[in-house]
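Reader: I am new to this structure and would like to learn how to read it, one feature after another. Could you take me through it slowly?

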Amino acid sequence: MTGCLLPFFALAAILAGLLVAGCAGVPAPDAPESPAAAARDGSITLVDAMDRTVELVEPPQRIVVAGRASIMVINLIYLFPLAGERVIGVTSGAQDPGRFLSLVDPDFRAKTLLARDAGPEQIAPLEPDVVLLRSFMADSLGRSLAE
């Protein structure tokens, strides 16, 4: 699997980095350093939930949202127009993400729905570029995905 594990807070930083990368020609005012930094070539460098520095050479095309309590991550990522094209798998838990997201993404029901306790053996076959997890999942699911 060619991915990294991202905590919930880093998701917002990545998405902000993607926005910055898209506006590379526009000068930006001095800003405090963030967990994600976009380079002029479009690559993004960030620190993941396991405190590893990860460089994405391009925006991820195949995204899986996994682990417990992932409904907030799923809802957040769908704020961005390309989410419907790039999200390939999500965790279905106590809250059915499809009830709302099928209204936002007509192809949502075609996504792979993972069990709440899905492990690396269910996630790896999807061949994601990144796996988005809540940060509290880094020790349990994150370490086994990294292996």
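Reader: How many salt bridges does a search of the whole structure find?

Author: This is a predicted model, and a search of the whole structure finds 3 salt bridges in it. To read such a pair, look for a side-chain nitrogen of Lys or Arg within 4 Å of a carboxyl oxygen of Asp or Glu. The side chains of Asp48 and Arg52 meet in this way, at 2.6 Å from N to O. Lys111 and Asp105 form another salt bridge, at 3.4 Å from N to O, and Arg143 and Asp139 are also joined by one, at 3.3 Å.

Reader: By how much of a helical turn are Arg143 and Asp139 separated in helix H6?

Author: The general idea is that an α-helix has 3.6 residues a turn, so residues three or four places apart point the same way. In helix H6, Arg143 and Asp139 are 4 residues apart, and so they are separated by about one helical turn. Arg143 is partly exposed, with a relative accessibility of 40%, whereas Asp139, at 56%, counts as exposed.

Reader: Which residues of helix H6 are buried?

Author: In helix H6, which covers residues 138-146, the buried residues are Ala138, Leu141, Gly142 and Leu145. Around the helix axis they cover an arc of only 110°, and therefore they lie on the same side of H6.

Reader: Which residues form a nonpolar patch on the surface?

Author: Phe100, Leu103 and Val104 form such a patch, and together they have about 330 Å² of accessible area. Of these residues, Phe100 has its place in helix H4, residues 98-104, and is partly exposed, with a relative accessible area of 49%.

Reader: What should I look for when I step back to the whole protein, and how many helices and strands does it have?

Author: The protein has 6 helices and 8 strands, and from the N terminus on the elements follow the order β-α-β-β-β-β-α-α-β-α-β-α-β-α. Of its 147 residues, 41% count as buried. The protein exposes about 8300 Å², of which carbon and sulfur atoms supply 56%.

Reader: What share of the contacts join residues at least 24 apart in sequence?

Author: Among the contacts between residues at least 6 apart in sequence, 61% join residues at least 24 apart.

Key:
Residues numbered from 1 in each chain as written. Predicted model: local features only at pLDDT ≥ 70, side-chain atom pairs only at ≥ 80, totals over all residues. Heavy atoms only, no water. Buried < 20%, exposed > 50% of the residue type's maximum accessible area, 1.4 Å probe, protein only. Helix = DSSP H or I, 4+ residues; strand = E, 2+ residues; numbered from the N terminus. Arc of directions from axis to C-beta. Contact = heavy atoms within 4.5 Å. Areas by Shrake-Rupley, 256 points an atom, 1.4 Å probe, with all protein chains shown as cover. Patch = residues over 30% accessible without salt bridge, like charges linked within 9 Å, V, L, I, M, F, W, Y side chains within 5 Å.
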